[in-house]
Amino acid sequence: MTSYRNFGVVGGGAWGTALAQLLAADGAPVRLWAREEDVVAAINREHRNPVFLPGAALSSSLIATGDLADMADLDALLIVVPVPFLRAVLADLPPGDAPLIFCSKGMEAGSFAFPIDMARDLAPLRPHAVLSGPTFAHEVAAGLPTAITVAADAEIAGTLAQALARPHFRPYVSTDVIGAEIGGAVKNILAIACGIVDGAGLGLNARAALISRGFAEMTRFGLARGAQAETLAGLAGLGDLVLTCTSSNSRNFALGQGLGRGEAVEVLMADRRTVAEGAFSAPVVAAAARADGIDMPITETVARLVAGEVRVGDAIQALLSRPLRPEGR
Ligand SMILES: NC(=O)c1ccc[n+]([C@@H]2O[C@H](COP(=O)([O-])OP(=O)(O)OC[C@H]3O[C@@H](n4cnc5c(N)ncnc54)[C@H](O)[C@@H]3O)[C@@H](O)[C@H]2O)c1
Ligand SMILES: O=P(O)(O)OC[C@H](O)CO
């Protein structure tokens with residue numbers, strides 16, 4: 001059985017930096033590719049990432065690079081690039097046979113591809129895995145207790161779980177790659193919806209209703225695409241849904257709060273250096289669900305709100321006035 005010792009991390013945002021720190025905290029060498037020169041310089045000189053993960057002290061064994069060629073000859077690569085930019089970065093990766101572990105949460109516009117689908121196109125000979133769950137980056141970097149799903153073929157998932165586990169970081173193994181990807185992508189959209197409810201002052205009953213009706217949407221969409229119910233009810237689905245629907249530490253929830261307060265979507269999305277993946281994924285998942293004949297009214301509503309096609313008050317009214325139906329549908 002292969003063991004993975006020398007990790008590379010592709011993507012120097014908050015999550016890539018936190019994962020790199022997780023692996024480098026004990027002094028192990030970790031290489032991190034970041035797109036921004038100022039991020040590479042700050043990590044190597046000050047052992048900080050003030051742009052995307054301010055406040056976290058980074059290990060000196062974590063070395064940043066701006067050159068993707070430096071990601072060759074490593075045992076495994078964690079891929080942490082937001083989904084809209086992922087295909088271009090994957091295409092530029094140096095060739096190799098190290099596994100790619102996808103940590104981004106979203107679905108690509110046009111192709112309806114999840115990260116693992118892109119990898120099957122662009123790096124078909126490498127093993128692939130998904131790492132997903134309720135994991136705020138700043139908490140992982142601070143060494144707070146966290147559990148996560150690692151999904152892949154059974155042998156790879158088990159070996160990766162061993163290599164990634166730390167006393168405060170506990171991977172659970174799954175073979176349900178599509179379930180892990182769908183959980184992460186859909187929960188981001190539902191976090192925007194819950195932020196809207198919070199920003200508009202609609203109360204905690206409404207938020208609980210959204211979480212459970214949102215979970216019903218995630219489950220319908222997931223089961224239709226071959227996901228397993230237990231994955232959707234686990235860390236990568238319900239666990240992450242609960243985390244991001246209840247905290248303004250979530251960028252998706254915070255975006256929703258702004259919308260709920262009546263701020264313009266163009267203003268909220270302008271000049272962002274951080275991502276709220278749900279804003280990209282909402283129209284994509286809504287279109288995929290429509291194509292599959294799956295009812296996802298909350299996702300559809302978030303897609304229309306982020307496109308600026310409907311006002312928050314009207315959207316809420318439309319959701320509340322839908323015909324009554326059995327809870328199981
Ligand atoms: N932050 C978290 O707590 C967290 C936890 C789990 C999963 N994720 C997921 O990880 C992924 C990355 O999120 P993040 O929080 O690390 O990002 P971030 O919001 O902290 O930073 C934005 C990232 O986007 C990159 N980027 C911007 N424009 C780009 C371009 N044109 N080409 C390539 N890259 C570009 C930046 O380099 C940077 O790495 C997302 O899919 C997110 O949903 C985030
Ligand atoms: O800040 P968000 O909304 O991108 O959420 C971060 C992680 O996905 C939480 O698991």
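Trainee: Into which domains is the protein chain divided?
Mentor: This is a predicted model. The domain bounds come from an automatic or database assignment. The division gives domain 1 (7-175) and domain 2 (178-321).

Trainee: What distance separates the centres of domain 1 and domain 2?
Mentor: The centres are taken over C-alpha atoms. Between domain 1 and domain 2 they are separated by 24 Å.

Trainee: How many residues of each domain are in contact with the other, and which element of domain 1 gives the most?
Mentor: Contact here needs C-beta atoms within 7 Å. By that rule, 25 residues of domain 1 meet 23 residues of domain 2. On the domain 1 side, α3 (83-91), α4 (115-122), β6 (128-132), β7 (146-151) and β8 (169-174) each supply at least two residues. The element that gives the most, with four residues, is β7.

Trainee: How do the residues on that side of domain 1 divide by class?
Mentor: Take the side of domain 1 that touches domain 2. Two of its residues are charged and five are polar. The nonpolar residues number 18.

Trainee: How many residues surround ligand 2, and which are the closest?
Mentor: The shell has 13 residues. By class, four are nonpolar, five polar and four charged. The closest are Thr135, Thr244, Ser250, Arg251 and Asn252.

Trainee: Which element gives the most to the shell around ligand 2?
Mentor: Elements that give two or more residues are α7 (177-199), α10 (235-244) and α11 (251-260). The most, three residues, comes from α10.

Trainee: At which residues does UniProt place the feature "binding site"?
Mentor: The entry is unreviewed. Its annotations may be inferred rather than shown by experiment. One record of the feature covers Lys105, Gly133, Thr135, Lys187, Asp240, Ser250, Arg251 and Asn252. UniProt also places the feature at Lys105, Arg251 and Asn252.

Trainee: For Lys105, Arg251 and Asn252, what is the largest C-alpha distance?
Mentor: These positions come from the unreviewed UniProt entry. They are spread over 148 residues of sequence, yet they cluster in space. The largest C-alpha distance is 12.9 Å.

Trainee: Is aspartate 240 buried or exposed?
Mentor: Aspartate 240 sits in helix α10. Beyond its sequence neighbours up to four places away, it touches Gly133, Pro134, Gly183, Gly184, Lys187 and Leu235. Burial takes 20 or more other C-beta atoms within 10 Å. Aspartate 240 has 27, so it is buried.

Trainee: Is arginine 251 buried or exposed?
Mentor: Arginine 251 is in helix α11. Leaving out residues up to four places away in sequence, it touches Thr274, Val275 and Ala276. Because it has 21 C-beta neighbours inside 10 Å, arginine 251 counts as buried.

Trainee: And how many C-beta neighbours does asparagine 252 have inside 10 Å?
Mentor: Asparagine 252 belongs to helix α11. Its contacts, without residues up to four places away in sequence, include Asn188, Ala191, Thr244 and Glu277. Asparagine 252 counts as buried, and its C-beta neighbours inside 10 Å number 27.

Methods:
Residues are numbered from 1 along each chain as its sequence is written. Chains are lettered from A and ligands numbered from 1 in the order in which they are written. This is a predicted model: local features need pLDDT of at least 70, side-chain atom pairs count only at pLDDT 80 or more; totals for chains, interfaces and linings use all residues. A residue is near a molecule or strand if its C-beta atom, placed from the backbone, lies within 6 Å of it. Ala, Val, Leu, Ile, Met, Phe, Trp, Tyr, Cys and Pro count as nonpolar, Asp, Glu, Lys and Arg as charged, and the others, Gly among them, as polar. A residue is buried if 20 or more other C-beta atoms lie within 10 Å of its own, exposed if 12 or fewer, and partly exposed in between; C-beta atoms are placed from the backbone. Two residues are in contact if their C-beta atoms, placed from the backbone, lie within 7 Å.
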